[in-house]
Amino acid sequence: MLQRQVMIYTELSPNPNSMKFVLNFELAPEGLSFDYPTIASTAEESKASPLAGDLFQFPFIRRIFIASNFITITKDDETEWEDVVYDIKKFLKIFFEQNNLVFAQKTIDKNTLIVDANDTAVIAKIKSTLDQYVRPAVESDGGAINFASFDEISGQVKVYLQGSCSGCPSSTITLKDGIERLLKTMVPEVKEVVAEGI
């Protein structure tokens, strides 16, 4: 079997405890992302990941996020990145050279994206705006944003922030000054944007 050519580089994120490990191939199917706040979450049927489970063997890792072609790892406060980045990169290189699976097949089967035909015109516009304008910027910082809900009466949009956005000191500023302002401009029905689960 041919050994996969694995190239990894790191990028800092706005969250000082999170580091983005970027690979030269896709890890998750397009538009999907997976957040693992605990080792137990790596075995959940809808998002089982041997990769995330193995990464939690590093005692300083507190959260793992996998999307597109990157893994965002959040460490504890005590550990310094310069002490552990080499070991993580070495682990990832070996993991992928051995052609190990990122996700269990059941995870891929359960997470194929289905466009919701029941979305109202406003919700479709909100989702489109998030996908086109917000998602690329958030992913470049090692995170992800997903639509949660829209209340037509109050005009409130709820979103899930994942990856480096979880626990990031600047995520609230990004949410209010960037995402909320953009959505209000593009979709006049939106009055407020709030984050779930940060």
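Colleague: What does "buried" mean for a residue?

Modeller: Buried means under 20% relative accessible area, exposed means over 50%, and partly exposed lies in between, with a 1.4 Å probe and protein chains only. Phe103 has a relative accessible area of 6%, so Phe103 is buried. Phe34 is buried too, at 4%. This is a predicted model, where local features need pLDDT of at least 70, side-chain atom pairs count only at pLDDT 80 or more, and totals for chains, interfaces and linings use all residues. Residues are numbered from 1 along each chain as its sequence is written, and side-chain values use heavy atoms, with hydrogens and water left out.

Colleague: How many aromatic pairs are there?

Modeller: Start with the rule. Rings of Phe, Tyr and Trp (its six-membered ring) pair if their centres lie within 6.5 Å. Planes under 30 degrees apart count as stacked, over 60 as edge-to-face, and the rest as tilted. By this rule there are eight aromatic pairs. Take Phe34 and Phe103: their ring centres are 4.5 Å apart and their planes are at 45°, so the pair is tilted.

Colleague: Which parts does the pair of Phe34 and Phe103 tie together?

Modeller: First, the elements. Helices (H or I, at least four residues) and strands (E, at least two) are DSSP runs, numbered from the N terminus. Phe34 lies in strand β3 (residues 33–36). Phe103 lies in the loop between α2 (81–97) and α3 (105–110). The pair therefore ties together parts that are 69 residues apart in sequence.

Colleague: Why is the pair of Phe91 and Phe95 tilted?

Modeller: Their planes are at 35° and their ring centres 5.9 Å apart, so the pair counts as tilted. Both residues lie in helix α2, four residues apart, which is about one turn of the helix. Phe95 is buried at 4%, whereas Phe91 is partly exposed at 22%.

Colleague: Which residues do ring pairs link into a cluster?

Modeller: Phe25, Phe58, Phe60, Phe91, Phe95 and Phe96.

Colleague: Where does the charged end of Lys47 sit?

Modeller: A charge sits over a ring if NZ of Lys or CZ of Arg is within 6 Å of the ring centre and within 35 degrees of the ring normal. The charged end of Lys47 sits over the ring of Tyr36, 5.3 Å from its centre. Lys20 lies over the face of Phe70, 4.6 Å from the ring centre.

Colleague: How many helices and strands does the chain have?

Modeller: Five helices and eight strands. From the N terminus on, the order is β-β-β-α-β-β-α-α-α-β-β-α-β. Of the 198 residues, 46% count as buried.
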